[in-house]
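Reader: I have a structure to look through and I'm new to this. Can we go over it bit by bit?
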Amino acid sequence: MFNKSRHSKRPPRPIRSPVSQQARKIILFNKPFDVLPQFTDEGGRRTLKEFIPLSGVYAAGRLDRDSEGLLLLTNDGKLQAKLTQPGKRTGKTYFVQVEGDPTEQDLQRLRDGVTLKDGPTLPATIERVAEPAWLWPRHPPVRERKSVPDCWLKIVLHEGRNRQVRRMTAFIGFPTLRLIRYAIGSYTLDNLASGEWREVSSMQGV
């Protein structure tokens, strides 16, 4: 007798339809200091809900509570994966204020990659820059020591480990005082004030 259970094909799994170009939402948000990159928090801390009156969008990657700058939110899981999966190596640009005065030799160590507790970092682009002219005041202000100099760095990474920039600068002896993410791929803050958001065209490249 024909064994139907053994030889019959299983019904195909339902395929989730991708978000259409018309339905896709991409939100750029300039996250202030001390705001969580999520919409809810049982501890009563500040969240995205205070700033973004939309539902169904989620952050593509994280930006720590004590960091500022560009957070991209979308309802498109494919775009989220493209921006966050390690194999995609999407470039992320940060402006970082560090305590101390690192030399070129110090910065070269970060360019070449350093070995953190979770393994070696990928090579990174690091350069000293002036304090950005577009920078907004932070509330509360950074606690700076008058007896210790500080400087600004522009850092481009192609990976996104937890608190990676802070761990990298601390590894070479220069703690991060302030961290602003300026760009994710081709998406940038582009004059977006702290606490403001805007929706962008889904046709923009990553």
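Author: Start with Asn191, which is found in the loop between β10 and β11. Keep in mind that this is a predicted model.

Reader: Is Asn191 buried or exposed?
Author: Asn191 is exposed, with a relative accessible area of 75%.

Reader: And what is phi of Asn191 near?
Author: Phi of Asn191 is near 65 degrees, which is a positive value in a residue other than glycine. Most residues other than glycine have a negative phi.

Reader: Which loop is Asp190 in?
Author: Asp190 lies in the loop between β10 (187-188) and β11 (197-199). Asp190 has a positive phi as well, about 45 degrees, and is not a glycine either. Its relative accessible area is 46%.

Reader: Next topic. Which peptide bond is cis?
Author: The bond from His139 to Pro140 is cis, with omega near -5 degrees. Most peptide bonds are trans.

Reader: Where is Pro140?
Author: Pro140 sits in the loop between β7 (125-129) and β8 (150-157).

Reader: Now helices. Which residues of α3 are buried?
Author: In α3, residues 104-112, the buried ones are Asp106, Leu107, Leu110 and Arg111. They lie on the same side of α3, because they cover an arc of only 145 degrees around the axis.

Reader: What do the buried residues of α3 pack against?
Author: They pack against β7, β8 and α4 (164-171).

Reader: And which exposed residues are on the face turned away?
Author: The face of α3 turned away from its buried side carries Gln105 and Asp112, both exposed. Just after α3 comes Gly113, with a positive phi of about 105 degrees.

Reader: Pockets, then. How much space lies in the largest pocket?
Author: The largest pocket holds about 490 Å³ of space. Its lining is made up of 27 residues. Arg62, Tyr94, Glu159, Gly160 and Arg161 are the ones nearest its centre.

Reader: Which elements give two or more residues to that lining?
Author: They are α2, β4, α4 and β9 (176-184). Of these, α4 gives the most, with 3 residues.

Reader: How many of the lining residues are nonpolar, polar and charged?
Author: The lining of the largest pocket has 9 nonpolar, 9 polar and 9 charged residues.

Reader: Back to Tyr94. Which strand is it in?
Author: Tyr94 is in strand β4. Its relative accessibility is 8%, so Tyr94 counts as buried, the limit being under 20%.

Reader: What does Tyr94 touch?
Author: Leaving out residues up to four places away in sequence, Tyr94 touches Leu153, Lys154, Ile155, Leu157, Val165, Leu179, Ile180, Arg181 and Tyr182.

Reader: And how far apart are Tyr94 and Val156?
Author: In sequence, Tyr94 and Val156 are 62 residues apart. In space they are 6.3 Å apart, C-alpha to C-alpha.

Reader: Last one: where does Thr90 lie?
Author: Thr90 lies in the loop between α2 (77-84) and β4 (92-99). At 10% relative accessibility, Thr90 counts as buried.

Reader: What does the side chain of Thr90 reach?
Author: The Thr90 side chain reaches the backbone oxygen of Lys82, at 3.0 Å.

Terms used. Residues are numbered from 1 along each chain as its sequence is written. This is a predicted model: local features need pLDDT of at least 70, side-chain atom pairs count only at pLDDT 80 or more; totals for chains, interfaces and linings use all residues. Side-chain values use heavy atoms; hydrogens and water are left out. Helices (H or I, at least four residues) and strands (E, at least two) are DSSP runs, numbered from the N terminus. Buried means under 20% relative accessible area, exposed over 50%, partly exposed in between (1.4 Å probe, protein chains only). The arc is that of the directions from the helix axis to the C-beta atoms. Contact means heavy atoms within 4.5 Å. A polar contact is a pair of N or O atoms within 3.5 Å; within protein, one must be able to donate a hydrogen and the other to accept it, and residues adjacent in sequence count only if both atoms are side-chain atoms. On a 1 Å grid over the protein atoms alone, a cavity is a set of points where a 1.4 Å probe fits but cannot get out, and a pocket is an open set with protein on both sides within 12 Å along at least five of seven lines; lining residues have an atom within 4 Å of a point. Grid points are joined across faces, edges and corners, and a volume is the space filled by probe spheres set on the points. Ala, Val, Leu, Ile, Met, Phe, Trp, Tyr, Cys and Pro count as nonpolar, Asp, Glu, Lys and Arg as charged, and the others, Gly among them, as polar.
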